Amino acid sequence: MDAVRKLLEDTNPEALHREKQKKRTGLPELPNGIEGEATLRFAPNPNGPLTLGHSRGVVINSELAKINGGRVVLRFDDTDTKVKPPEPTAYAQIEEEYEWISGKKADVVIRASDRMPIYLEYAEKMISEGFGYSCSCTAQSFKTLRDNKDECPCRDNDVSLNLDLWKSMVSGKIPEGEAVIRVKTSLDLPNPALRDWPALRIQHTPHPMVGEKYKVWPLLDFQSAIEDHLQGVTHIVRGKDLMDSTRKQTILYGHFGWDYPETLYWGRVKVLEFGGFSTSGMRMDISEGKYSGWDDPRLPTISSLRKRGFSPEAIREFWLELGLTQKDISIPMQSIEAKNSSTIDSGSERRSFVRGPIEMKIKIPDAVENYVAEVSVPKHPDGTVSGMREWGAISERIYLEGDDIDVVDIRLKGFADVKIVDGVAEVISNERTDRRTIAHWLPLEISREAVLEIPQMDEIRKVSGVIEDYELVEGMVVQLERIGFAKIKEIPNNGAIVMSWLHR
RNA sequence: GCUCGCGUGGUGUAGUGGCCCAUCAUACUGGGUUUUCGAUCCGGCGACCCGGGUUCGAAUCCCGGCGCGAGCACCA
């Protein structure tokens with residue numbers, strides 16, 4: 001070790017003073033970022049509301065904008081009317097969900113479908129300048145040519161013919177699927193996916209927002225490229241499945257003489273309990289009645305998580321901790337839940353919920369000294385929520401959780417040590433006299449029937465019991481003592497209170 | 001198959017040539033405390049994909065292999 005030290009003094013003295021490694025927190029600096037001038041963007045397809053997967057884009061982009069003093073453009077990429085048609089209600093919902101997750105409204109909001117005239121203009125420019133052309137090959141025959149690095153017959157058509165074909169496409173004279181506009185690239189590109197890639201295609205299906213006005217619609221790689229340039233986007237952060245998109249768009253930028261933004265990538269994420277986050281898949285399942293709606297508790301949508309009681313802080317912390325690695329990862333839902341517990345715990349009042357309750361008589365022998373029949377327990381053990389839950393005087397009947405009464409000597413939590421004799425709980429003392437196990441219980445007066453709904457993969461499991469009916473309000477999230485967090489879903493005039501399970 | 005990307009404890013992450021027999025979190029585990037099986041405190045377990053090379057020195061650079069993932073849509 002000393003020898004190494006000596007050597008270091010000669011060769012690399014700074015190394016000796018280097019700090020012991022520590023964990024970097026937060027996102028790394030933006031490459032080539034200029035303080036205050038970063039423009040990020042988040043570009044979802046409004047074919048449904050946001051999923052947990054989308055929230056990564058919201059969190060990372062808004063956080064980068066925040067720490068670099070920049071702005072975020074929220075752009076709806078709604079240029080597909082056929083395969084993933086837009087859902088009209090999704091626009092407003094996504095805007096609102098963006099704000100909920102990031103804690104801030106998007107700085108700019110635009111819709112691709114509103115900007116069609118601009119895209120068509122650039123497409124025409126591309127054709128006029130000879131780096132785009134109209135191709136009427138079938139997808140299959142083009143693929144064969146492309147894979148052999150061969151030109152397709154349309155590639156040599158002159159500009160005026162291309163412009164004529166373009167006009168026919170735009171006016172709707174050419175049926176769907178019979179022509180496409182391609183961007184010229186070198187056919188020697190090692191990656192076949194990039195060779196003469198398609199930029200616009202014909203779609204005669206009406207668009208839910210702008211109707212039948214347009215017959216030619218840009219594909220993602222073209223629309224996104226043009227719009228990023230127009231909005232002055234400086235940094236694109238996207239999934240690495242879009243790496244080829246970057247390469248295609250860089251070629252287009254070259255044709256137009258523009259500089260491509262800095263691009264960062266994240267890897268694929270799977271949440272073990274849900275698998276992927278397919279909006280179209282969920283949409284289908286909902287329409288088939290498999291789920292009650294986008295906010296069904298079994299779905300990984302933002303509306304579902306939010307309704308169940310997840311906080312935006314937890315979602316933010318979760319993604320920020322994963323950072324921007326390109327590694328493909330699988331994480332358990334538990335890691336998001338752990339974040340949520342720590343963000344909501346201090347504000348969540350405690351309540352008792354006795355599952356599978358067994359009714360029992362309680363008896364106070366005369367011999368108990370200084371007996372106090374009143375019970376009051378804190379709303380929060382650390383006092384972060386002040387106040388007590390006043391149960392009042394205990395009369396003669398209580399509920400106990402079945403599993404707790406395997407032994408005869410137990411302590412009624414927060415009240416007294418008892419001995420169970422012939423199905424009657426005899427009070428020994430309010431004070432704790434020994435280390436007997438603590439039982440979960442409720443006096444009859446403050447109990448009300450309740451059902452805890454626990455969402456599972458294919459069903460919703462229901463656990464019934466009695467809840468501590470003390471200052472309960474619909475919509476509040478409480479921590480059920482010894483069980484975990486739950487939301488009070490419904491307090492009907494008659495019948496059982498309904499609670500929905502959040503997590504431990 | 002072709003193209004691209006990624007491989008650090010169970011799971012995630014830090015680390016970009018040197019006191020690195022490797023950071024932090026979570027999970028798991030042992031114990032303390034406790035009027036929750038929560039929270040908290042103390043302890044433990046546990047990792048640089050493999051093989052070569054460059055170098056005084058490699059988790060870090062190079063080459064090869066293996067594994068995993070993605071793209072190869074007239075979807076985004």
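Tutor: A salt bridge here is a side-chain nitrogen of Lys or Arg within 4 Å of a carboxyl oxygen of Asp or Glu. Keep in mind that this is a predicted model.

Student: Why is the contact of arginine 247 and aspartate 244 called a salt bridge?

Tutor: Their side chains meet at 2.7 Å, N to O. The cut-off is within 4 Å, so the pair qualifies.

Student: What separates arginine 247 and aspartate 244 along helix H9?

Tutor: About one helical turn, because they sit 3 residues apart in helix H9 (residues 243-256).

Student: What makes glutamate 453 and lysine 462 a salt bridge?

Tutor: The N to O distance is 3.8 Å. That is within 4 Å, so the pair counts.

Student: And how do you know whether glutamate 453 and lysine 462 are buried or exposed?

Tutor: Glutamate 453 has a relative accessible area of 14%, and buried means under 20%, so glutamate 453 is buried. Lysine 462 stands at 57%, and exposed means over 50%, so lysine 462 is exposed.

Student: Which residue does arginine 155 meet in a salt bridge?

Tutor: Aspartate 196, at 2.7 Å from N to O. The pair links distant parts of the chain, 41 residues apart. Arginine 155 is in the loop between helix H6 (139-147) and helix H7 (159-171), while aspartate 196 is in the loop between strand S5 (180-183) and strand S6 (198-202).

Student: Why are arginine 155 and aspartate 196 called buried?

Tutor: The limit is under 20%. Arginine 155 has 13%, so it is buried, and aspartate 196, at 1%, is buried as well.

Student: How many salt bridges are there in the whole structure?

Tutor: A search finds 31. Some join up: Arg41, Arg75, Asp77 and Asp228 are linked in a network.

Student: Let's turn to the largest pocket. What is its volume, and which residues lie nearest its centre?

Tutor: The volume is about 1,300 Å³. Of the 39 lining residues, Ala43, Asn45, His54, Asp241 and Leu242 lie nearest the centre.

Student: Which element gives the largest share of that lining?

Tutor: H3, with 5 residues. Elements that each supply at least two residues include strand S1 (39-42) and helix H8 (220-230).

Student: How does the lining divide by residue type?

Tutor: Into 11 nonpolar, 17 polar and 11 charged residues.

Notes. Residues are numbered from 1 along each chain as its sequence is written. Chains are lettered from A and ligands numbered from 1 in the order in which they are written. This is a predicted model: local features need pLDDT of at least 70, side-chain atom pairs count only at pLDDT 80 or more; totals for chains, interfaces and linings use all residues. Side-chain values use heavy atoms; hydrogens and water are left out. Helices (H or I, at least four residues) and strands (E, at least two) are DSSP runs, numbered from the N terminus. Buried means under 20% relative accessible area, exposed over 50%, partly exposed in between (1.4 Å probe, protein chains only). On a 1 Å grid over the protein atoms alone, a cavity is a set of points where a 1.4 Å probe fits but cannot get out, and a pocket is an open set with protein on both sides within 12 Å along at least five of seven lines; lining residues have an atom within 4 Å of a point. Grid points are joined across faces, edges and corners, and a volume is the space filled by probe spheres set on the points. Ala, Val, Leu, Ile, Met, Phe, Trp, Tyr, Cys and Pro count as nonpolar, Asp, Glu, Lys and Arg as charged, and the others, Gly among them, as polar.
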